[in-house]
2 protein chains.
Amino acid sequence: MIRYSGQTRILVAVDCIIFGFDGEHLKLLLIHRGFEPEKEQWSLMGGFIGTEEDLDQAANRILKELTGLEGVYLEQFHAMGDPKRDPIERTVCVAYFALIDIHKYEKQISDQYRAEWFLLKDMPSLIFDHQKIVELAKKKLRYKAALHPILFELLPPKFTLPQLQMLYEAIYETEFDKRNFSRKILSTGLLVKQPDKDKRSSKKGAFYYSLHELEYNDKFDAFLNFIPNPHALIA
Amino acid sequence: MIRYSGQTRILVAVDCIIFGFDGEHLKLLLIHRGFEPEKEQWSLMGGFIGTEEDLDQAANRILKELTGLEGVYLEQFHAMGDPKRDPIERTVCVAYFALIDIHKYEKQISDQYRAEWFLLKDMPSLIFDHQKIVELAKKKLRYKAALHPILFELLPPKFTLPQLQMLYEAIYETEFDKRNFSRKILSTGLLVKQPDKDKRSSKKGAFYYSLHELEYNDKFDAFLNFIPNPHALIA
DNA sequence: ACAAAAGTGTTGCACTTACACCCATGC
DNA sequence: GCATGGGTGTAAGTGCAACACTTTTGT
């Protein structure tokens, strides 16, 4: 087998930033490492890429190992290559962020890891440069969600407009006018009103909506402008 | 030295998509490889990362080796990891796109490579998955340039509004109304009118403008909406 | 004087914002 | 019957798109 000569080969890992939404706050799924290095520390879910898989496959595999979930929204957003980022051995990492419906996550799927949800603003310190990766992921998520309908991935298949608005408000750390918000969201044509209501959070109850799959796939890449004054809110 | 055991180490390369603008068309700087593998084929400029450099440093070094330029606009946009993308040996590549003032490029800086500018729509076939990387880069460039003032990096320090408009038109493969275009661009406050004119392309001559550095740095990350109907033009 | 490109203003429309009241229900 | 959250409409302002004529100057 021919190989390139005189070059250093390096470990390549994939790390996943897993976002979830509990109805009120944005959360991150972190793992408590039961193994060296940095045993007993909190970190992002990650792993080395296998010999027969590409990066997306590796990210999906890793996500499944931790959460048991497949078909999750997963997007590559940055590669980190500082030679000193992993003190044990040089590792280049390709970071992905995942958006999951927090209720689909079943605890203790993996016994190698103890996983736990943390509020974004109440996170433990993380190993290596994971803190920095999380910051990048947050920024990227805000950026992308301002223009593309990705936040639905954080909600269950049926959700209410107040729930959706709370999600946007959590992500942008601000408040929106509910009349304008509902008009803007509904005008995209992405939502289908359901006949039933969610009555858990009010006496009157709020109508459920679900995604119009066809429109959703069509408009996913379109430029939709989901938030007012993006100029002010996006770094 | 402690290392992670049982993991495969992989080559990591950086590839640069180098965009230039000749006043009329968007171009790409490609190299004719004088070495194996794929000797005598056209490819993107790339190289393996060094043991002491991070990804950005590697990209800057590689760009300098080919063009002699430093301080160039360079942005990481995607990592490619298909195990079969390089037939010689598995290589993960991190792709960057660079924007340079085409007139700053001096030929034959490197004798390892023969470099040549190609019209984007008139490119030779490229090695490996470089074609795909170029497609991704074009998409990313369009996307980013719709919201951020990056295209100035493709022009000389002094340029005219008609030149700038031609650039935007080349990138989006469409035409804009010059009255609306000039109003929109000038309203950003990013440009400073110069006292002199460029008289090469008309009898009347067009005023030069230069970047207002302070405003440019301030507003670089802002959301500016440089093109009409982004919905229609951005994939 | 004519050709060729630069420069400039206005109007209508669409979208966005700001804002306040009624509705349905469980207790 | 009242408290709680859900749902809706309107008016003013802003930003965007469409559109045509004048200016300059080299030949």
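How many nonpolar, polar and charged residues does the surface near DNA strand C have? By class it has four nonpolar, six polar and 11 charged residues, where Ala, Val, Leu, Ile, Met, Phe, Trp, Tyr, Cys and Pro count as nonpolar, Asp, Glu, Lys and Arg as charged, and the others, Gly among them, as polar. A residue is near the strand if one of its heavy atoms lies within 4 Å of it.

Before selecting anything, note that this is a predicted model, in which local features need pLDDT of at least 70 and side-chain atom pairs count only at pLDDT 80 or more, while totals for chains, interfaces and linings use all residues. Residues are numbered from 1 along each chain as its sequence is written, chains are lettered from A and ligands numbered from 1 in the order in which they are written, and side-chain values use heavy atoms, with hydrogens and water left out.

**Stop one: DNA strand C**

Select DNA strand C and the 21 residues that surround it, of which the closest are A:R179, B:P162, B:K178, B:R179 and B:F207.

At B:G205 a polar backbone atom is 3.5 Å from a sugar or linking oxygen of DNA strand C. The elements that give two or more residues to this surface are α4 of chain A together with α4 (178-187) and β10 (206-211) of chain B; here helices (H or I, at least four residues) and strands (E, at least two) are DSSP runs, numbered from the N terminus. The largest share, four residues, comes from α4(A).

**Stop two: helix α4 of chain A**

Stay with that helix, residues 178-187 of chain A, and select A:D177, which caps its N-terminal end with a side-chain oxygen 2.9 Å from the backbone nitrogen of A:R179. Just after α4(A), A:G189 takes a positive phi of about 75 degrees.

**Stop three: where chain B meets chain A**

Colour the two protein chains separately and select the 45 residues of chain B that are in contact with 45 residues of chain A, contact meaning heavy atoms within 4.5 Å. The chains bury about 4000 Å² between them, 62% of it on carbon and sulfur atoms; buried area is the accessible area (1.4 Å probe) that two parts lose on being put together, summed over both. In chain B, B:Y4, B:Y143 and B:F223 lose the most area to chain A, together 20% of what that side buries.

Across this interface the rule finds four salt bridges, a salt bridge being a side-chain nitrogen of Lys or Arg within 4 Å of a carboxyl oxygen of Asp or Glu. One to display joins the side chains of A:R9 and B:E89 (2.4 Å, N to O), and A:R3, A:R9 and B:E89 are linked in a network of salt bridges.

**Stop four: salt bridges within one chain**

The structure holds 30 salt bridges over all chains. In chain B, select B:R85 and B:D15, whose side chains meet at 3.9 Å, N to O. The pair links distant parts of the chain, with B:R85 in the loop between β5 and β6 and B:D15 in strand β1, 70 residues apart. Both B:R85 and B:D15 are buried, where buried means under 20% relative accessible area, exposed over 50%, and partly exposed in between (1.4 Å probe, protein chains only).

Next, show B:E65 and B:R61, whose side chains meet in a salt bridge (3.0 Å, N to O). These two are four residues apart in helix α1 (residues 55-67) of chain B and so are separated by about one helical turn. B:E65 is partly exposed, with a relative accessible area of 34%, and B:R61 is partly exposed at 29%.

In chain A, the side chains of A:K64 and A:E70 meet in a salt bridge (3.2 Å, N to O); A:K64 is partly exposed, with a relative accessible area of 37%, whereas A:E70 counts as exposed at 62%.

**Last stop: two loops of chain B**

Finish at B:E40, in the loop between β2 (26-33) and β3 (42-43) of chain B, which has a positive phi of about 70 degrees although it is not a glycine. Then move to B:F128, in the loop between β7 (113-119) and α2 of chain B, which has a positive phi of about 50 degrees and is likewise not a glycine.

Notes:
A polar contact is a pair of N or O atoms within 3.5 Å; within protein, one must be able to donate a hydrogen and the other to accept it, and residues adjacent in sequence count only if both atoms are side-chain atoms.
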